[in-house]
Amino acid sequence: MWYLSQKWDFAKLSDRVIKFNQMSDGTEKERERRILISLTETLIYLIPLERNYLKEEDLASFFLEQRCNAEKILTAYTVSRLRYDEYISQVLRKRCFTFTMREKLKKEEQERLSEEEGRENLIDKEEMTLMEPDFEYVGRKISTEDFGSMTLREVIKCIVDSPVVESQIVLNEKEIILKSKLTEKRKRRQFLAMLLNIPTGDYSSMAEHLAAVYQTIPELFVRFFELKEEEKGDKKEGEERNKAVRNRHYRLLLRLEESYMRCEDDDEKKEIISSYEKLRSAFEKRNMQIREAQKGLSQREIAKILGISPALVSLHIRTIRELLRELSNTILFLDGERS
């Protein structure tokens, strides 16, 4: 504690903070507040350093995270057997522990992601050397009869590995740029992960355009979306049941509204309102469950299909969303240049 023990009189500082917290609002208190917040921020940095709560390389990050709490720490201090520095030490010890654990978990997650991405790169290189010029998958030619027996992971691998297949489909400007971005295997896999995550509408037209973007055959994407819907089987059944229940709720809500309009007794009206509110809550709950079922596959489900971690799936989806944002900005920029 040589920095603090030589330069700070904590008994006086403690009295000063208590006096500040008892002051009435005004110019003097505002001036004192600025001084004491500055001193508290300094202590937030120095105390973890001198009491070895953190490694020196972590101090800057911790300080930047915690300095915004200086005023809360200051105003929470009251008459106590603990001096102001001891009080801050108790607060910071717990926060330093939490910070250290969080940083450790973050580092482990980053290392695991790096390892998985490195493994993906290695697989990409190996696959590049093994690819045949003909349209083959796992050493055999593919016919349309094969699709029915393929798993979703096999279909994804086949789409990723596909050699160039020319298409007669006319792509729009955005699709042409996207096609140029999906030449690497990793990007192709990442985009497919995102397609599994988003809701799917009519995939019959999507399949042809996606196949043209990927320069593969449409049948692969048709099978991709079929298998995606199969993975959502239980959710789809639940969605239909919830729709039926929701519709019954809606009809009952209409009847309650009519009853309320016809009713003249105040007590009876209160009962109708109570029933209406309960039923409305149940109606909204069913709507929420329906919206949930209409989503794509969860990141955990996608991770199981692809044989990777949910964290890596999340990274894939974020990467593609960022790519699509850049794509939209590029299109807007090009439109601006033409006008």
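Predicted model: local features only at pLDDT ≥ 70, side-chain atom pairs only at ≥ 80, totals over all residues.

Author: As for the hand of the crossing, α9 goes past α14 in a right-handed way. On the α9 side, the residues that make the contact are Ala193, Leu196 and Asn197, and α14 brings Gln299, Ile302 and Leu306. Sort these by class and you get four nonpolar residues, two polar ones and no charged ones.

Let me step back for a moment to the whole chain. The protein chain holds 15 helices and two strands, and of its 339 residues 36% count as buried. If you take the contacts with a separation of 6 or more, 74% of them join residues 24 or more positions apart.

Now for the second pair, and the place to start is helix α3, which covers residues 27–50. This helix has 24 residues and reaches 35 Å from its first C-alpha to its last, close to the 34 Å expected at 1.5 Å a residue. Quite a list of its side chains is buried, including Leu36, Ile37, Leu43, Leu46 and Ile47. That buried list also has charged names on it, among them Lys29, Glu32 and Glu50, and Thr40 and Pro48 are buried too.

The partner here is helix α4 (residues 56–66), and α3 packs with α4 at an angle of about 150°, their axes 10 Å apart. Since angles over 145° count as roughly antiparallel, that is what α3 is to α4. The crossing of these two helices is right-handed. From α3, the residues that meet α4 are Glu41, Ile44, Tyr45, Pro48 and Leu49. Across from them, α4 supplies Glu56, Leu59, Phe62, Phe63 and Gln66. By class, this contact divides into seven nonpolar residues, one polar and two charged. Three of the α3 residues in it, Glu41, Ile44 and Pro48, are on the buried list as well.

What about the stretch that links the two helices? Asn52 sits in the loop between α3 and α4, just after α3. Its phi is near 55°, which is a positive value in a residue other than glycine. Asn52 has 65% relative accessibility, so it counts as exposed.

You'll find Gln215 in the loop between α10 (203–214) and α11 (218–231).

One last stop, back in α4, is Asp58, which belongs to that helix. At 25% relative accessibility, Asp58 counts as partly exposed. Follow the chain from Asp58 to Phe99 and you cover 41 residues in sequence, while in space the two sit 9.2 Å apart, C-alpha to C-alpha.

Notes: Residues numbered from 1 in each chain as written. Heavy atoms only, no water. Left-handed = near helix turned anticlockwise from the far one by under 90°. Helix = DSSP H or I, 4+ residues; strand = E, 2+ residues; numbered from the N terminus. Contact = heavy atoms within 4.5 Å. Expected span 1.5 Å × (residues − 1). Buried < 20%, exposed > 50% of the residue type's maximum accessible area, 1.4 Å probe, protein only. Axes fitted to C-alpha atoms, helices over the stretch in contact; angles between N-to-C directions. Parallel < 35°, antiparallel > 145°, perpendicular 65-115°, else oblique.
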